[in-house]
Amino acid sequence: MAVYNLTTVTQFILIGLSDLPEVRYPLFVAFVMIYQITLLGNGVILLAILTERKLQTPMYYLLTNLSLLDIFCPSATVPKMLKNLLAEDHRISYVGCALQLYFLVALAGTEVFLLAVMAYDRYVAICFPLRYSLIITKVRCVQLLFGTWAAGFLNSFVHTMSTFSLSFCKSNRVNHYYCDIPPVVALSCSSTYVAEMLVLVVGGIFGVGAFLITLISYIYIVSTILKIRSAEGKRKAFSTCASHLLVVFLFYGTTIFTYIRPTSSQHSPGRDRLISMLYAVVTPMLNPIIYSLRNTEVKGALRKVLHLRICSQKG
């Protein structure tokens with residue numbers, strides 16, 4: 001289905017995996033399981049932090065927000081994707097597409113900024129341990145969190161407005177399983193120069209800035225850890241940031257793989273979309289697993305939550 005010339009697009013069609021019908025049902029089962037594990041894992045992390053007073057510190061306030069993002073971000077795309085895997089009708093309204101793009105870009109952008117704030121938090125904790133409680137206060141933590149969410153949603157507002165101010169009159173088939181900036185902009189029959197420049201300039205400044213904060217923070221962290229003489233001291237220092245470092249590698253690695261890698265010439269576009277889809281939904285599922293396995297305080301809180309749950313069921 002395509003719309004040409006003077007006909008205004010009022011809805012879009014998400015191509016998704018329509019060219020790979022043989023994997024629809026296995027993927028539906030797999031993504032339902034991944035989505036449930038994501039919700040459960042991040043929900044348990046939230047419950048553990050909120051119920052364990054020892055974890056109600058700035059570091060874990062940041063982790064709480066990461067878990068919220070890992071619940072919200074897949075929730076912006078996965079339910080619609082699951083519906084499309086079973087149904088023949090892959091339509092999404094113009095407004096629905098705009099809202100999906102807005103919240104997806106906002107939540108992904110917020111996560112970029114949050115990872116930078118978490119890296120700064122670990123930098124202060126390891127490089128200035130005696131001044132940590134003076135620098136990273138609860139008030140400062142709330143200010144940083146407000147800034148990350150505000151920056152993420154403001155950045156997305158700019159991109160969403162520039163994308164949907166374009167004219168769409170030649171096709172309404174979105175070459176993806178959700179509405180994202182590149183595949184939607186590709187459908188425009190008007191000049192996309194401003195929208196593309198905004199992605200490069202605004203997105204570049206925010207994205208590169210957040211990445212540099214994260215990178216520089218870890219350069220100082222590694223430098224400080226290497227100066228510690230005892231092996232036990234190094235181990236303890238590294239253990240305080242190992243979980244976050246793994247999450248950073250996972251996030252940026254999957255982002256680069258999804259958006260920067262060249263399209264495979266050996267596989268169909270459907271298989272490339274499938275690979276992107278897997279990476280997009282798996283990352284939020286792995287984050288709580290990383291924190292629950294690597295962080296002894298979180299593991300202790302999770303054991304306490306499970307113990308209370310078992311005791312309440314027996315009672």
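**Surface patch, overall make-up and salt bridges**

V208 is partly exposed, with a relative accessible area of 46%; residues count as buried under 20% relative accessible area, as exposed over 50% and as partly exposed in between (1.4 Å probe, protein chains only). The model is predicted, so local features need pLDDT of at least 70 and side-chain atom pairs count only at pLDDT 80 or more, while totals for chains, interfaces and linings use all residues. Residues are numbered from 1 along each chain as its sequence is written, and side-chain values use heavy atoms, with hydrogens and water left out.

V208 belongs to helix α8, which covers residues 193-227. Together with F211, L212, L215, I216, I219 and Y220, V208 forms a nonpolar surface patch with about 630 Å² of accessible area. Patches consist of residues with over 30% relative accessible area and no salt bridge, like charges being joined within 9 Å and nonpolar side chains (Val, Leu, Ile, Met, Phe, Trp, Tyr) within 5 Å. Accessible areas were computed by the Shrake-Rupley method with a 1.4 Å probe, and for residues only the protein chains shown count as cover.

The chain contains 12 helices and 3 strands. These elements are DSSP runs numbered from the N terminus (helices: H or I, at least four residues; strands: E, at least two). Of its 315 residues, 46% are buried. The accessible surface of the chain is about 16600 Å², and carbon and sulfur atoms account for 69% of this area. Among contacts (heavy atoms within 4.5 Å) with a separation of 6 or more, 78% join residues 24 or more positions apart.

Side chains of opposite charge can pair when their charged atoms come close. With a salt bridge taken as a side-chain nitrogen of Lys or Arg within 4 Å of a carboxyl oxygen of Asp or Glu, the count is 4. One of them pairs E88 with R24 at 3.6 Å, N to O. E88 is in the loop between α3 (78-86) and β2 (91-93) and R24 in helix α1 (residues 24-51), so this pair ties together parts that are 64 residues apart in sequence. E88 is exposed, at 68% relative accessible area, whereas R24 is buried, at 16%.

A salt bridge also joins the side chains of R122 and D121, at 2.8 Å, N to O; both residues are buried. In the pair E232 and R235, the closest N and O atoms are 2.8 Å apart. Both E232 and R235 lie in helix α9 (residues 231-239), 3 residues apart, or about one turn of the helix. E232 is partly exposed at 41% relative accessibility, and R235 is partly exposed with a relative accessible area of 46%.
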